[in-house]
Amino acid sequence: MGREREQAQVGYAVEQLLALNPYNPDILPDLENYVNDQVSSQTYSLDANLCLLRLYQFEPEKMSSQIVARILVKALMAMPAPDFSLCLFLIPERVQMEEQFKTLIVLSHYLETGRFRQFWDEAAKSRHIVEAVPGFEQAIQSYAVHVISLTYQKVPRTVLAEAINVEGLSLDKFLEHQVANSGWAIEKSQGKGQLIVIPRNEFNDPILKKNTADSVPLEHITRIFPILS
């Protein structure tokens, strides 16, 4: 309880700094500390992080590559929100050419195009970057489930396993949780595998989609057909 109160106080103090003078370079150390606090407490503030990246534009000699990398990893964890692109826009191209940032850009591309197998393979090669931020794997798994729910009414167990990078007993436990809490169902396919039945919604059901076509946001349309290859 004390830790939660301390985190709330830190967040409030940063909000006050942003409200008073978001372009004051003197607040740069406070914003950097706040990024580290977001990592340790598994919280997130896009506004504070964007403000820090803007200040780095005015004070390029003070830019911390480690802090920028953590901001981008946290932005990846916020998908399907467009936070990664918003942050990347504020990072100079010369900085983006650093190896760790090129890796994060590739990871972002894989997620945006639904190529989860390639994403997990690449992330495994870059554990020193992504595992520095607790909760990364769970956040991406939630995003993968989000994409699958928008795309399929029925999905083979193997495709789901690939998308969330979970197999065996761990996948069984995950499916039990989804069946109990999210309305999923499991049925046997004509082969030896399982089919996971996803509740119908306006994105994975042609009839429901037709009835709500006029109100579907454009950013969701781009995620209807991920490439799970």
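## Glu122 in helix α8

E122 is found in helix α8, which covers residues 116–125; helices here are DSSP runs of H or I with at least four residues, strands are runs of E with at least two, and both are numbered from the N terminus. This is a predicted model, in which local features need pLDDT of at least 70 and side-chain atom pairs count only at pLDDT 80 or more, while totals for chains, interfaces and linings use all residues. Residues are numbered from 1 along each chain as its sequence is written, and side-chain values use heavy atoms, with hydrogens and water left out.

E122 is buried yet has no salt bridge, and the nearest side chain of opposite charge, K125, is 4.1 Å away. Buried means under 20% relative accessible area, exposed means over 50%, and partly exposed lies in between, using a 1.4 Å probe and protein chains only. A salt bridge needs a side-chain nitrogen of Lys or Arg within 4 Å of a carboxyl oxygen of Asp or Glu; for charge, Lys and Arg count as positive and Asp and Glu as negative, whereas His and the chain ends are not counted. Not counting residues up to four places away in sequence, E122 touches T103, V106, L107 and Y110, where a contact means heavy atoms within 4.5 Å.

## Aromatic pairs

Rings of Phe, Tyr and Trp (for Trp, its six-membered ring) pair if their centres lie within 6.5 Å, and planes under 30 degrees apart count as stacked, over 60 as edge-to-face and the rest as tilted. By this rule the protein has four aromatic pairs. One of them joins F119 and W120 edge-to-face, with 5.1 Å from centre to centre and 80° between the planes. F119 counts as buried because its relative accessibility is 0%, and W120 is also buried, with a relative accessible area of 8%.

The pair of F174 and W184 is edge-to-face too, at 6.0 Å centre to centre and with 80° between the planes. F174 lies in helix α12 and W184 in the loop between α12 and β2 (185–188), so this pair ties together parts that are 10 residues apart in sequence. F174 counts as partly exposed at 22% relative accessibility, while W184, at 5%, counts as buried.

## Helix α11 and its cover

Helix α11 (residues 157–164) is mostly covered, since six of its eight residues are buried. These buried residues are R157, V159, L160, A161, A163 and I164. What covers them includes α8, α10 (136–151), β1 (154–156), α12 (168–182) and β3 (194–197). Just after α11, N165 takes a positive phi of about 60°.

## Strands and the whole protein

The protein has 14 helices and three strands. Two strands pair if DSSP finds at least two bridges between them. β1 and β3 pair in the antiparallel sense over three bridges, and V155 has I196 in β3 as its bridge partner. Four bridges join β2 to β3, which also run antiparallel, and here the bridge partner of A185 in β3 is V197.

Buried residues make up 43% of the 229 residues in the protein. Among the contacts with a separation of 6 or more, 59% are between residues 24 or more positions apart.
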